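Here's a quick briefing to read alongside the model. Have the structure open and follow along.

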Amino acid sequence: MAIPSFVDQVRLHVSAGRGGHGCTSVHREKFKPLGGPDGGNGGHGGSVILRVDPQVTTLIDYHHHSHRKAKNGEPGRGGHQDGASGADVILSVPEGTLVRNAETGETIADLVGSVAEVVIAQGGHGGLGNAALATKARKAPGFALLGEDGDDLEIILELKVLADVGLVGFPSAGKSSLIAAISRARPEIADYPFTTLVPHLGVVIAGSVTYTVADVPGLIPGAAQGKGLGLDFLRHIERCQALVHVIDCATYEPGRDPLTDLDAIETELAAYGGLEDRPRLVVLNKVDVPDGAELAVMVADDIRARGLDVFEVSATSGQGLKEWTYAMAALVARKRAEAPVVAQPIIVKVKPKQNGGPEFTVTKESDDHGDFLWRVRGDKPERWVRQTDFRNAEAVGYLADRLNKVGIEEELLFVGAEPGDTVAIGGKDAVIFDFAPQIDIGAELLSRRGEDNRLDALRPAVQRRRVKDSQYHAAKEAEKVISAALMGLDSDPSYPDEPSSYPDEFPSHPARKSQDPEVEEE
C-alpha cells in the first residue's frame, strides 16, 4: 500500500491533561502545635492547541499519529507548594484548516490567517488545597478539592487550500502544464487522465501583484455527487477569490467540445454550491495545436457572449500567458480591495456563560427501574461534584453547603421532592443520593455543613495530658488529706493503742510500726 504524501482530511483524538489534586496538610513545627493549613493547590492540566504554521502544507502527521494527549498537572504539596501545570501540546496545521466536532459535526474553528490558533481541548483545573479553602469559620479544613478532567474529544481536520485563483477543468486539460509555465510549481505532468491527485499551489507575480494559483485535480460529470476525485477536491476551491476554466481545445474524445465542457463544469460547480459569486475567466488551452487554434477561434465569441473573458493560451509556446496572468492579477487586486484580509485572533474554546439565566435546572425523569428521580443539571453543581472526594465526610459536607447556598435544596422542595426521593446531579456519570433536606452531612465531624469544629474541641493529645494532670493533682490532694488526718490522730490522746484499731490502708504509719515485734527488737 502506497504511503500518501498529501492528506487533506483526518480524524484526530485529542485529550487535554487532568488537573492535579489539592493537598491536605497542616504545618508542623516544634513548639507550634497549631501551625495552620499549608496544603498547596494542584497544577492545571495542559491544553491541546491547534496553531497555523506557514511551513506546513498537509495533515500527513496526524494521519500517522491520530492520538494526541497533553500532560497532567502535578498535585499540590505541603508547605504552600502548588503543583506544576502540565505542558501544552501545540499541533501545527496548514492555513485554511477547518476544525469540526466528529460527533456533532459542529464547526469549532476555521483557521484562516498566519497567526490563527484555537485551544481545541482545555486542560482541567487543579484542585484547591486546604490552605486556599480556609476561612474564618473553617480555619483548618481537613480536605482538599480534586483536580478536574480535561476535555476529551474527537475532531475532524479538513484542509481547504487557500489560493487566490483556482484552475478547474476536465482531466488532461493542461492545468498542471499551465501552473508550471506561470510559476515555479512543478506538478507531475503526463499524457493520461488524473495525473494530478493532489492540489498544487503556484505563486505568480504580475506587475506589482503577487498571488497564488491552485491546480485542482480534474473534474468529471457527477463530481458533486462523488464521482471521480471531484468530491474530495472541490472543497479546495471554496476559498478561491476567482475561478479559471481551463478548456482543452485539442481533445480527441468523442462528444466533447469547449462549450459542452464549460457547461458540464459549471453544472458541477452549481451542484456543489457556494461558488456562484466567484468571478470567472475562460482559458482555451493548447492553441499551439493547429486543430486547437481553429476550434478556439470558433468558440471564443460564443463564450464572450456569455459575459466571460476569454484567453487563448499555450503552455508549450507561451502564447497568451502574459495577458492571462495580468488579467488574473487585476481580478485578485479588485477582490482584495473589496474584502481586505484581517488576521484572525486567537480563539479559546470555552462554554458560553449564562446571562441572567438559572445556574441549574431540576427535572423529574423516569429511571431504569420504573421509578423516578430528580435530575439536577448545571455547570456549577456538576463541577463541584467532580471536585469532591466522597471518601472524606468533611468534603461531602462542604459540597452540601455549596449546593445549599445556590438554592438546590429549596428548588427541590419547591418542585415537589420529598425526603427519601432519588436525586442525581449530572448526566451520564451522575452522583446519585437520597434527598434528605436539612441533614447535617458529616455531623460526626462538623457542627454545621462545611464548617470545622475541631478547633473548638480539644485535640486527643491534649485530652490525654489533661486527664493525667487531673489524676496527678487528685492523688496529691488525697495524699494531703490523708496526711492531715493522720497528723491529727497522733495529737489525740483518746486514740486507742491497739493495732487492730488502725485502719489497714495506713500500714506505714508510725503508730502501726511500733506494734511490729521486729521493729521493737531493733
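Predicted model: local features only at pLDDT ≥ 70, side-chain atom pairs only at ≥ 80, totals over all residues.

Residues are numbered from 1 along each chain as its sequence is written, and side-chain values use heavy atoms, with hydrogens and water left out.

**Overall make-up**

- The protein chain comes to twelve helices and 19 strands; these are DSSP runs numbered from the N terminus, with helices being H or I of at least four residues and strands E of at least two.
- Of the 522 residues in the protein chain, 43% are buried (buried is under 20% relative accessible area, exposed is over 50%, partly exposed is in between, using a 1.4 Å probe and protein chains only).
- Take the contacts (heavy atoms within 4.5 Å) between residues at least 6 apart in sequence: 70% of them join residues at least 24 apart.
- The protein chain has an accessible surface of about 28,800 Å², and carbon and sulfur atoms hold 52% of that (areas come from the Shrake-Rupley method with a 1.4 Å probe; for residues, only the protein chains shown count as cover).

**Salt bridges**

- The whole structure has 17 salt bridges, each being a side-chain nitrogen of Lys or Arg within 4 Å of a carboxyl oxygen of Asp or Glu.
- One of them pairs R386 with E148 at 3.5 Å, N to O. R386 sits in helix α7 (residues 379-386) and E148 in the loop between β7 (117-121) and β8 (152-159), so this pair ties together parts that are 238 residues apart in sequence.
- R386 is partly exposed at 42% relative accessibility, whereas E148 is buried at 6%. Together with R383, these two residues form a network of salt bridges.
- D263 and R306 also meet, at 2.6 Å, N to O. With D263 in helix α4 (residues 258-272) and R306 in the loop between α5 (290-304) and β14 (309-312), the pair ties together parts that are 43 residues apart in sequence.
- E266 and R280 make another bridge, at 2.9 Å, N to O.
- E266 is partly exposed at 24% relative accessibility, while R280 counts as buried at 15%.

**Helix α9**

- I408, E409 and L412 are buried in helix α9 (residues 408-415). They lie on the same side of α9, because they cover an arc of only 100° around the axis (the arc is that of the directions from the helix axis to the C-beta atoms).
- E410 and F414 are exposed on the other side of α9.
- What do the buried residues of α9 pack against? Their partners are β16 (361-366), β17 (372-377), α7, α8 (393-405) and β18 (422-425).
- After α9 comes G416, with a positive phi near 110°.

**L178**

- L178 belongs to helix α2 (residues 175-182) and is buried, with 0% relative accessibility.
- Leaving aside residues up to four places away in sequence, L178 touches V246, V283, N285, V313, A315, L321 and W324.
- L178 and V246 are 9.1 Å apart in space, C-alpha to C-alpha, and 68 residues apart in sequence.
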